[in-house]
Amino acid sequence: MSAARPGRPPWRRPWLAVVGVTAVLAATACGNEPATNVQPPHPGVPAQPSDVQGIYRNIRQGLLQLRGNGGFVLIAAQGSGPSAGEYTLSNGLLNVVTNLCGQAIGEYQVTVGGIPEPGDATLHFTVVRDDCAERAHDLTVEAWVYADS
């Protein structure tokens, strides 16, 4: 046992305060409150990026993340692999550029199906034009299902 500092009781240790604060923060962060930024898409034709932002998965273990700021990440586990880039979306027409395809712009019609619930809302891409066959395949081979993320 270490010697106590003058004026400080021997039972008082600085690490106890750290443990106590950490426990309070962990209890607060692990609450059962649903995240307020998770909004499944509504059926129909999406008008803008915020209408479809979120994380989607497909049956082939693929992952698609569409960010509200136009960021795009696609991981096609059984396809061309990972790619990232940017997209725009206006009245159901999505234009995308990814590192997988250089400067080739892909143009797709996007519709949302199902009900606005995780595991039920789906994104469907139809190629309007895309010279990048890998990206076109990865986006259209299966429906993308909204994940509760």
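Q: How many bridges join β1 to strand β2?
A: This is a predicted model, where local features need pLDDT of at least 70, side-chain atom pairs count only at pLDDT 80 or more, and totals for chains, interfaces and linings use all residues. Residues are numbered from 1 along each chain as its sequence is written, and side-chain values use heavy atoms, leaving out hydrogens and water. Strands are DSSP runs of E with at least two residues, numbered from the N terminus, and two of them pair if DSSP finds at least two bridges between them. β1 and β2 (residues 63–66) run antiparallel, and the bridges joining them number four.

Q: Which residue in β2 is the bridge partner of G54?
A: G54 lies on the covered face of β1 (residues 54–57), along with Y56. Its bridge partner in β2 is L66.

Q: Is R135 buried or exposed?
A: R135 sits in helix α2 (residues 133–140); helices are DSSP runs of H or I with at least four residues. Buried means under 20% relative accessible area, exposed over 50%, and partly exposed in between, with a 1.4 Å probe and protein chains only. Because its relative accessible area is 1%, R135 is buried.
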